[in-house]
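Good morning, and thank you for the time on the agenda.

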Amino acid sequence: KRFAMKHISSAFTLVLLSLFFVSSVFAVAGDTTSPCIPTDSTAIYSGACQTNATALPDANEWTTESLPLSGNSCLTFNSSTTETGEVFVFAIRPGSDADGAYAQVQANLFNSTGAAYGCGAIQPGQTKNQMDFHCYPLSVSGSSTYITLLNTNQTSAATFDIYVGFAEGTVSGCASDYVDEGTGPLFWVAIAVIAILLLCVVGGAILGFVYWKKNKKKSDFDTFEEA
């Protein structure tokens, strides 16, 4: 009996530890929509965006960017679309090639008139494909969007990924699956697999205890008859 109870106790301990791990993952990582406020400064827009903007080639794709220490750059994107029922999506993540002070990079979005309307930044604890994503109505983004990137770190360069594109949906319903390769769906699949495995462990421990107890009673009954 002590042997069976020990195994059930171990199973429940495993469940508690796993739940603690899952809750910790939720607390420190994952996809986010940070409450950033677009900058009022147009210094980078007026400088780099007007003289040295780099055009992003394709929509709905991740692009790796690098900035020197205290450096900045400007990217431009054709944010016009003939599709209805879509929103403009911007996201930023460390990416598989992440390096340096990527968590200190500030991204701001400007429309063609120079008005800042959006922003994003990699959040503490985010790694690889975990992103900070944002959605905006096409009426705000306009026909052209300029993305200014600023590395606020004065001692380290930064390498990271950014994403611009379109998704069918609404601004209020903005979610990680509006972005290709977001961790949202995969993260939930992983959680479901962990939950199923934990249920199997607990179920196996309980069935093992029931089977052991049934055999124990049968053994005690046989012993009684022999006596």
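What you see is a predicted model, in which local features need pLDDT of at least 70 and side-chain atom pairs count only at pLDDT 80 or more, while totals for chains, interfaces and linings use all residues. Residues are numbered from 1 along each chain as its sequence is written, and side-chain values use heavy atoms, with hydrogens and water left out.

First, the overall architecture. The protein chain has four helices and ten strands; helices here are DSSP runs of H or I with at least four residues, and strands are runs of E with at least two, numbered from the N terminus. Along the sequence the pattern is α-α-β-β-β-β-β-β-β-β-α-β-β-α. Of the 227 residues, 37% count as buried, where buried means under 20% relative accessible area, exposed means over 50%, and partly exposed lies in between, with a 1.4 Å probe and protein chains only. The chain exposes about 12,900 Å², and carbon and sulfur atoms supply 60% of that area, computed by the Shrake-Rupley method with a 1.4 Å probe, and for residues only the protein chains shown count as cover. Taking contacts, that is, heavy atoms within 4.5 Å, between residues at least 6 apart in sequence, 83% join residues at least 24 apart.

Next, the strands. Five of them form an open sheet of mixed pairing, in the order β1-β3-β9-β6-β7; two strands pair if DSSP finds at least two bridges between them. The edges are β1, residues 54–55, and β7, residues 116–120; each has a single partner strand, so one side of each is left without a neighbour in the sheet. Strand β6, residues 105–111, runs antiparallel to β7 and is joined to β7 by four bridges, with Asn-108 opposite Cys-119 in β7. Another antiparallel pair is β4 and β8, joined by six bridges; there Val-87 stands opposite Pro-137 in β8. Strand β8 is mostly covered, with five of its six residues buried.

Ser-73, in strand β3, is buried at a relative accessible area of 18%. Not counting residues up to four places away in sequence, Ser-73 touches Ile-44, Leu-67, Ile-147, Thr-148 and Leu-149.Now the nonpolar cores, meaning sets of buried Ala, Val, Leu, Ile, Met, Phe, Trp, Tyr and Cys residues joined through side-chain atoms within 4.5 Å. The largest has 21 residues, and those with the most contacts inside it are Phe-88, Phe-90, Ile-92, Ile-147, Leu-149, Phe-160 and Ile-162. Strands β3, β4, β6, β9 and β10 each supply at least two residues of this core, and its largest share, five residues, comes from β10. Apart from it lies another core, of twelve residues, among them Val-87, Val-89, Ala-91 and Phe-133.

Finally, the loops. Pro-94, in the loop between β4 and β5, counts as buried at 1% relative accessibility. Beyond four places in sequence, its contacts include Tyr-102, Lys-128 and Phe-160.

Most residues other than glycine have a negative phi. Lys-128, in the loop between β7 and β8, has a positive phi of about 45° although it is not a glycine, and is exposed at 55% relative accessible area. Ser-70, in the loop between β2 and β3, likewise has a positive phi, of about 60°, and is partly exposed at 37%.
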